[in-house]
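Please read them with the sequence and the structure open beside you.

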Amino acid sequence: MSSSVACIIYNKGKLFIAHRNPVGDMGDRWEFPGGKVEDGESDETTIEREMKEEFGVTAVPGKKIANASFCHKDKEFFLNAYLVNILEDGIDVPFVLSEHTEYKWVLPEEIPVDNFVDSDLKILPSVLKYLENNK
């Protein structure tokens with residue numbers, strides 16, 4: 001089974017989400033940043049690589065806080081969600097985007113569930129519960 005990671009970046013009560021480019025199966029939808037774990041990579045290495053590739057930032061992987069399985073194109077995937085720290089916030093100096101059209105910091109209740117990728121919706125209740133319990 002293939003696996004992916006979701007980066008849960010939480011700062012000052014807000015979550016970091018990104019809007020995917022309007023191409024591909026999940027195009028034009030919001031998501032937690034992350035991506036597929038490549039052969040020979042650990043989840044932590046994937047987090048570092050994906051955040052550097054997609055936003056041009058250095059990421060520091062933390063604790064795994066949620067997981068779920070999902071199907072995509074008749075293939076089963078496993079998704080692990082990790083707390084991730086980034087030094088920059090993308091506000092004063094905008095991030096360089098390669099896979100997204102925009103990003104924003106939102107309150108947990110502002111997650112656009114009607115246009116959020118399906119796999120991230122599966123972990124969202126666990127992520128919100130973790131954040132609520134660890135304020």
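1. Helix α2 gives the most to the lining of the largest pocket, namely 4 residues, where helices (H or I, at least four residues) and strands (E, at least two) are DSSP runs numbered from the N terminus. A pocket is found on a 1 Å grid over the protein atoms alone, as an open set of points where a 1.4 Å probe fits, with protein on both sides within 12 Å along at least five of seven lines, and lining residues have an atom within 4 Å of a point.

2. This is a predicted model, in which local features need pLDDT of at least 70 and side-chain atom pairs count only at pLDDT 80 or more, while totals for chains, interfaces and linings use all residues. Residues are numbered from 1 along each chain as its sequence is written, and side-chain values use heavy atoms, with hydrogens and water left out.

3. The largest pocket has a volume of about 690 Å³, a volume being the space filled by probe spheres set on grid points that are joined across faces, edges and corners. Its lining has 30 residues, of which S4, R20, M26, E31 and G35 lie nearest the centre, and the elements that give two or more residues to that lining are β1, β5, α1, β6, β7 and α2. By class, the lining has 11 nonpolar, 8 polar and 11 charged residues, where Ala, Val, Leu, Ile, Met, Phe, Trp, Tyr, Cys and Pro count as nonpolar, Asp, Glu, Lys and Arg as charged, and the others, Gly among them, as polar.

4. Which strands make up the open sheet, and in what order? There are 4 strands in the order β5-β1-β7-β6, with mixed pairing, and two strands pair if DSSP finds at least two bridges between them. Strands β5 (34-36) and β6 (59-72) stand at the edges with a single partner strand each, so one side of each is left without a neighbour in the sheet.

5. The pairings can be followed one by one. Strand β1 (residues 2-8) runs antiparallel to β5, joined by 3 bridges, and parallel to β7, joined by 7 bridges, while β6 and β7 pair in the antiparallel sense over 11 bridges. A6 has G34 as its bridge partner in β5 and A81 as its bridge partner in β7, and A81 is also the bridge partner of A66.

6. Leaving aside neighbours within four places in sequence, T46 is in contact (heavy atoms within 4.5 Å) with V5, G35, K36, V37, E38 and E41.

7. Backbone angles deserve a look as well. Most residues other than glycine have a negative phi. K12, in the loop between β2 (10-11) and β3 (14-20), has a positive phi near 55 degrees, and K12 counts as exposed at 80% relative accessibility. D28, in the loop between β3 and β4 (30-31), has a positive phi near 65 degrees, and D28 is partly exposed, with a relative accessible area of 40%.

Methods: Buried means under 20% relative accessible area, exposed over 50%, partly exposed in between (1.4 Å probe, protein chains only).
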